[in-house]
Amino acid sequence: MRLICSLLVFVVVGVRAQSVDTLRTLYLSEVVVNSTIQEGDTLQNFFRANKSATTEDILSRLQGVYLIRRGNYGQEPMLRGMTGGQINLTIDGMKMFGACTDKMDPVSIYIEPQNLKSIQAVLGSDGSRLGTTVGGSVDMQLAQPFLSSQPVTGRVGVGYQSAWNGFNTYANVNYSQHKSAYNLSLNYRKADDYRAGGGEVIPYSQYEKMNLSAGGKWSMGKDTLLASALVDDGWNIGFPALPMDVGSAKARIYSLGYNRYRAHETVQNLNAKIYYNSVFHSMDDTQRENVEMHMDMPGTSTTGGGFVEGNFHPAGKHTLSFRTDYYHNQVLAEMTMYPEGASSMYMQTWPASGRSVTGIYLNDVYKINRSTQVTVNGRIDWAVTTLQEGFGMDQLQVFYPNVQSAYQQITSTVNGKVKQLIRSNWIAEVHVGYGERLPTLSENFGFYLFNRYDGFDYIGQPDLVPEKNWSTDLTLSYFSDQVQLTATGFYNYLPDYIFSRIHPELSVMTPGANGVKIYENIPSATLVGGEASVLANFSKNLQFITALKYTHGQDFEGTPLPLIPPLTSNTTLRYSIKNFNIQLENEIASSQQNVSPSYGEDETVGYSIFNLRSGYKINWNRKQLYVNAGIENMFDKNYHNHLDWGNLPRPGRNINVTIEFVF
Ligand SMILES: [Cu+2]
């Protein structure tokens, strides 16, 4: 099901109800809307209502999206219980992969809300526009420079967060000429150790980061050229749920794009891009006490690629769109151990390895009549996975004497959807799909990757077959001027689910580890659940939004899967009048009793927390000053969610203030 999860639930409901042809709208918005989207867009304004929000804060509000926490930084997105290699996490359609063997760096951390135009999440195998997938995709679309009658526009802001004595400052400027525009943005964040509910200070939870991005846009009538560069540097980043921190994390993202729009030609809208990105990640245990053995653990990941996508002029009742793409990702992660009184040992925890994927995606929207629409899409990816000869390969030959230097795999997805208008304001949508995903390079070639959660060293398995997903979703929505309701149920059956098994015959590498696990395909796993939301406009000034999400996961023997989110609800009551708004939020998570003890999990109790946010806008001379103030976790509750590693409590009462000047 193509759920256009646009930032907030009410937007989701709105888009779903009004836009019968979502994909086309998506493409058109790229071309037509991008020069005017900056102000007055409800979607943007709502999520920027909390101007101190991180990209992760925004992600956590999307339907079907959850976050895995290992500290106050670097939270990992999860879609309906699926994460890592099960989902596509892309930036402006570009593939990018973190360089941390411990998943400290999902690529969403390299994007600041100031860089973002929107986030689009498509759940399940239907999210395969950006790569064959079982879990779906999250694409973070970056803000582009825009043409404007005002040559210079921009914003500067500063914010403070009391729970971690955190400062964030940002500035961005757009410079527009007649046919070209340029933008520049700068963000800086610094956080001390945070204070959990009740007053406990969580050691090793500090971080500091800087993000700089620049872009140019040159318009030649209906053709547009775009160039962008983004630099994100983080340092001294604590991961309290892990045995070590991050000394340095650097990301570089470069792209060159071309857009072409011709309303009456066969290919109406064409979008092409080439890109290159790199991530350097270096872990650091020197700040920790009682380290049994000091280790150096640097990792790199570089990705280059390109794509061409577009949509054809509607032919009869059919509208066809396509995408074809290529990328190559190369990784290397090293570990040098320094045992006391002995010589150092060197390993490649990610052997030098890479993957090239070439794919093609087609989507056809068939409008049978005014009330029925059928969508069919599919994708095929051809992947070549390579393991470099040398040290890393020699290591793996200890376990796999016949390990090869290249593996080829083909993965595919197919989806069918029917959207039916029932009466005047009810819509039903049924999706049936099949998806596949490749094992990650970690799952293929990882070498003694220590997992703090279960305390096991993990070893890859080069012969894993792709994981599959047979899925179905049913969505019902109702919309009127005052109320919008939506409810979705989903069922995923995943044959060849990639999991791990304990191998008692193997001895550990990491001091104190509980044992060794090797990745393998298990017969199957099942994920079922749903989402529901209600938006009500009580009056012009008073708005109510509530959203529920739930996932249940088990393997083929009925054993609960690890890291399955509990039932979660988010409710917001918002009052706005003239230049002032105030909102009360409540977040509830149920307890989680379906846990995986073999993964080191224990049961988690539920919680309920309240946040209060407010905003005030002062206008003068076509300029605005925004003052935002809020209290998160108002009652200073000590709590954690089931997806938080190590039962680490989340931040306690957090008073925050942000002042922003828009010119
Ligand atoms: Cu790391």
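Predicted model: local features only at pLDDT ≥ 70, side-chain atom pairs only at ≥ 80, totals over all residues.
Colleague: Which strands pair over 10 bridges, and in what sense?

Modeller: Strand S28 (residues 580-589) and strand S29 (residues 607-620) do, in the antiparallel sense. Strands pair here if DSSP finds at least two bridges between them. Strands are DSSP runs of E with at least two residues, helices are runs of H or I with at least four, and both are numbered from the N terminus.

Colleague: Okay, what joins S29 to strand S30?

Modeller: In general, strands of a sheet pair through backbone hydrogen bonds, either parallel or antiparallel. Here, S29 and S30 (residues 623-632) run antiparallel, joined by nine bridges. Gly-615, for instance, has Asn-628 in S30 as its bridge partner. The two strands form a hairpin with two residues between them, and Asn-621 in the turn has a positive phi of about 55°.

Colleague: What is the strand order in the open sheet of three strands?

Modeller: The order is S1-S2-S3, with antiparallel pairing. S1 (65-68) and S3 (82-83) are the edge strands, each pairing on one side only. Four bridges link S1 with S2 (residues 76-79), and Leu-67 stands opposite Pro-77 in S2.

Colleague: How do I read the largest nonpolar core, and which residues have the most contacts inside it?

Modeller: In soluble globular proteins, nonpolar side chains tend to be buried together. A core is a set of buried Ala, Val, Leu, Ile, Met, Phe, Trp, Tyr and Cys residues joined through C-beta atoms within 7 Å. Buried means that 20 or more other C-beta atoms lie within 10 Å of a residue's own, with C-beta atoms placed from the backbone. The largest core has 83 residues, and Leu-79, Ile-91, Ile-119 and Ala-121 have the most contacts inside it. Beyond four places in sequence, Leu-79 is in contact (C-beta atoms within 7 Å) with residues including Val-65, Ile-87, Ala-121 and Leu-123.

Colleague: And how many helices and strands are in the chain?

Modeller: Six helices and 31 strands. The radius of gyration is 24 Å, close to the 26 Å that the globule rule gives for 663 residues, so the chain is as compact as a globular protein of that length. That radius is taken over C-alpha atoms, and the rule is 2.2 Å times the number of residues to the power 0.38. Of the 663 residues, 47% count as buried.

Notes:
Residues numbered from 1 in each chain as written. Buried ≥ 20, exposed ≤ 12 C-beta atoms within 10 Å, placed from the backbone. Contact = placed C-beta atoms within 7 Å.
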